[in-house]
Amino acid sequence: MHEVFLLLGSNLGDRQLFLKQAIEHIESEIAPVSKVSSVYETQSWGKTDLPDYLNQVIVLATDLSPQIILHRILNIEHKLGREREEKWGSRTIDIDILFYGDQIINEPGLHIPHQELQKRRFTLEPLAEIAPEWLHPILQKNILQLKSELIDELNVKKI
């Protein structure tokens, strides 16, 4: 079994409901969720003029391959009304694979660990809450170390 970390985000509609529905779909279509961070409200990253996001990290254990997980995540996003119109655009739900155990995967459309996670406070805050000692397999630093080195100044608050 591989421990899989997913980041959920929503900045359109009933953001709390979209996070809840995403978790329900993940549990029924991928694997039961073993850990759930608090929900954090975050200023939009990349395009700062968009509505604020709600973000949350969840952990699950599965034998499914990362490719199958990605395929199912994309289907869940579609079911929940995700439209991919522009990079960093607003979305009802966004689900990113942060880690798949300690594996390093670089394929077209699939990069694990997530390539930007060490730069993003909205990812590291919830990660540090539930897995502070988790070791980034490329950077060889734990989540608390990455968070302490962070220069991202966006406002991220636990709600």
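Entry 1, aromatic pairs. How many aromatic pairs does the count come to? I worked on a predicted model, and the count came to three aromatic pairs.

I took phenylalanine 5 and phenylalanine 99 to begin with; their pair is edge-to-face, with 5.7 Å centre to centre and 85° between the planes. Phenylalanine 5 sits in strand β1 (residues 2-10) and phenylalanine 99 in strand β5 (residues 94-100), so this pair ties together parts that are 94 residues apart in sequence. I looked up burial for phenylalanine 5 and phenylalanine 99 and found both buried.

Phenylalanine 99 also pairs with tryptophan 134, and I noted this pair as tilted, at 5.9 Å centre to centre and 50° between the planes. Tryptophan 134 is in the loop between α3 (121-130) and α4 (143-148), 35 residues from phenylalanine 99.

I recorded Phe5, Phe99 and Trp134 as a cluster linked by ring pairs.

My search of the whole structure gave nine salt bridges. One of them joins arginine 15 and glutamate 41, with the closest N and O atoms 3.1 Å apart. Arginine 15 is in helix α1 (residues 15-29) and glutamate 41 in strand β3 (residues 40-42), 26 residues apart. Arginine 15 is partly exposed at 21% relative accessibility, whereas glutamate 41 is buried at 17%. I also logged a network of salt bridges that links Arg15, Glu41 and Lys157.

An α-helix has 3.6 residues a turn, so residues three or four places apart point the same way.

Glutamate 125 is buried, with a relative accessible area of 16%. Glutamate 125 also forms a salt bridge with lysine 147, the closest N and O atoms being 3.2 Å apart. That pair links distant parts of the chain, helix α3 and helix α4, 22 residues apart. Lysine 147 is partly exposed, with a relative accessible area of 26%.

Terms used
Residues are numbered from 1 along each chain as its sequence is written. This is a predicted model: local features need pLDDT of at least 70, side-chain atom pairs count only at pLDDT 80 or more; totals for chains, interfaces and linings use all residues. Side-chain values use heavy atoms; hydrogens and water are left out. Rings of Phe, Tyr and Trp (its six-membered ring) pair if their centres lie within 6.5 Å; planes under 30 degrees apart count as stacked, over 60 as edge-to-face and the rest as tilted. Helices (H or I, at least four residues) and strands (E, at least two) are DSSP runs, numbered from the N terminus. Buried means under 20% relative accessible area, exposed over 50%, partly exposed in between (1.4 Å probe, protein chains only). A salt bridge is a side-chain nitrogen of Lys or Arg within 4 Å of a carboxyl oxygen of Asp or Glu.
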